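This briefing is for a reader meeting the structure for the first time. It begins with a definition and then goes through the structure by topic.

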Amino acid sequence: MSWGTELWDQFDNLEKHTQWGIDVLEKYIKFVKERTEIELSYAKQLRNLSKKYQPKKNSKEEEEYRYTSTRAFLATLNEMNDYAGQHEVISENMTSLITGELTRYVQELKQERKSHFHDGRKAQQHIETCWKQLEASKRRFERDCKEADRAQQYFEKMDADINVTKADVEKARQQAQLRHQMAEDSKAEYSSTLQKFNSEQHDHYYTHIPNIFQKIQEMEERRIVKIGESMKTFAEVDRQVIPIIGKCLDEITKAAESIDHKNDSQLVIEAFKSGFEPPGDIDFEDFTQPMKRTVSESSLSNSRGEGKSEPKFGGKSKGKLWPFIKKNKGAGPEDFSNLPPEQRRKKLQQKVDELNKDIQKEMDQRDALTKMKDVYIKNPQMGDAASVDHRLAELGQNIEKLRLEVQKFEGWLAEVEGRLPMRTEQPRRQSGLYEAQNTSAVNSCAQDRESSPDGSYTEEQSQETEMKVPATDFDDEFDDEEPLPTIGTCKALYTFEGQNEGTISVAEGEMLYVIEEDKGDGWTRIRRNEDEEGYVPTSYVEVYLDKNAKDS
């Protein structure tokens, strides 16, 4: 089965067919390219979806992820991010192994096809030229034969005419002989040209064209094999990521199986337990007796006049039921007295822990500066020891203020835990006055407590039958101390081994951030990352302050 023998006369159709084959290949390349774009778009959408539902840092959403069900959801989001990565791998592999490879192959195929059909046209033009030469030789032979016949007839006519001179007859005879000779020459030329053409035609249809068409056939078959291999690669690229995608799905299943409903129920108790005892029975009030009506201690409702006194933790809230507490609007008081006892205890404990961390930070800075001062005293050329005294004094004052804050919150914490007697109205007002002397925000809270007749809990004025859900959204989240902002960068000119506390080691040529410039003591405060900062000798670094920092 050969195109050269079977399709020897189908040059034009073969040209159209091979062009169609190239068009099919280019169409397949376009299909794969669009598939890669879809994979990239899908991966991007999956990543955006995962990012959209990730918990925001330092937000209440992070607290929600202590439940096993929400942790499983977080694991699902992370696995979906990895799942998206596998679709990106599919896109990358298809682009490199199929789209890029086939694009190069198409260019080579076009050049090869152009070369083969150029040779075919050249062969056709050659045989057509031989045919034209044969036709010209044939026409010339035919013309010369006719001319010889006319010359012979003219000679015979002249020879038969008695009135014609002998010279004219001789002339006619010579002309007839010349024409006969020309006819013989044309005959010989025509015969030679015909033999040559037949030879060329035989070579054309049995050698040249079969060879050219055989090359075109091989080229077309390679194209078919190539597109078949690309289709296999198309499937293989998908198959390669199936195990990894399977692992992602297994991890999602594992996360789902880790959900513990009992544990989540216990966490709900820990999050919302108020610490109050359920109300007791209400005593019967006999209005038929002239005696003054009395209300038992276990009663949940008192007269309007008595309901105006400020509620105390440990007692019953005047004129309202605990399950129907309405959340107080605005910022809550500093001692978290707007919260139920159990939740208040947790908030106070959290605040005490935060303050202790702040104290430890201040003490670490003080110790570092104290060691730096000792270095200055021992090596005056490195800096003035008196230059850090002001900062040491500030740190001492900060530590003292923080310790007072800790004592204040520990007192409230001890009160909630029952280690101290219940505070009366007078200490509460004194606490508010103390807070007013320290911060305006605390002063505002204290004034609110004094001015509000029913304390931290507000009561619905209208008669509503709709049940109010207990307040679960607590205010006053406390953030950690923010690090100092960067005011520029610096490059280490020499290696410095920061062996003393408060200093930091740097390597020659290292780039770092400047957070505090030299105050005249010969030391510059720098930061490598969020957890590494300290002082280095100013002469060891080349500082590049930001323009805004210089202006300020």
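A residue counts as buried under 20% relative accessible area, as exposed over 50%, and as partly exposed in between, with a 1.4 Å probe and protein chains only. Lys519, at 60% relative accessibility, therefore counts as exposed. The model is predicted: local features need pLDDT of at least 70, side-chain atom pairs count only at pLDDT 80 or more, and totals for chains, interfaces and linings use all residues. Residues are numbered from 1 along each chain as its sequence is written, and side-chain values use heavy atoms, with hydrogens and water left out.

**Overall make-up**
- The protein has eleven helices and five strands; these are DSSP runs numbered from the N terminus, helices being H or I of at least four residues and strands E of at least two.
- The protein has 552 residues, and 32% of them count as buried.
- Of the contacts in the protein with a separation of 6 or more, 72% are between residues 24 or more positions apart; contact means heavy atoms within 4.5 Å.

**The α4 and α5 pair**
- Two packed helices are described by the angle between their axes and the distance between the axes.
- Helix α4 (residues 68-160) packs with helix α5 (residues 166-257) at an angle of about 175 degrees, and their axes are 7 Å apart.
- Axes are lines fitted to C-alpha atoms, for helices over the stretch in contact, and angles run from 0 to 180 degrees between N-to-C directions.
- α4 and α5 are therefore roughly antiparallel to each other, a term for angles over 145 degrees.
- Asn93 is found in helix α4 and is partly exposed, with a relative accessible area of 22%.
- Asn93 is in contact with Ile98, Val237 and Gln240, leaving aside its neighbours within four places in sequence.
- Asn93 and Glu236 are 143 residues apart in sequence, and their C-alpha atoms are 10.0 Å apart in space.

**Helix α8**
- Helix α8 (residues 389-416) has 28 residues and should span 40 Å at 1.5 Å a residue, which agrees with the 41 Å between its end C-alpha atoms; the expected span is 1.5 Å times one less than the number of residues.
- The buried residues of α8 include Leu392, Leu395, Ile399, Phe409 and Trp412, and also the charged-type names Glu405, Lys408 and Glu415.
- Gly418 follows α8 and has a positive phi, near 85 degrees.

**Two loop residues**
- Lys519 is found in the loop between β2 (511-516) and β3 (523-527).
- Lys519 and Ser387 are 132 residues apart along the chain, and their C-alpha atoms are separated by 7.9 Å.
- Ile259 is in the loop between α5 and α6 (261-272) and is partly exposed, with a relative accessible area of 38%.
- Ile259 touches Thr68, Ser69 and Ala72, not counting residues up to four places away in sequence.

Key. Parallel < 35°, antiparallel > 145°, perpendicular 65-115°, else oblique.
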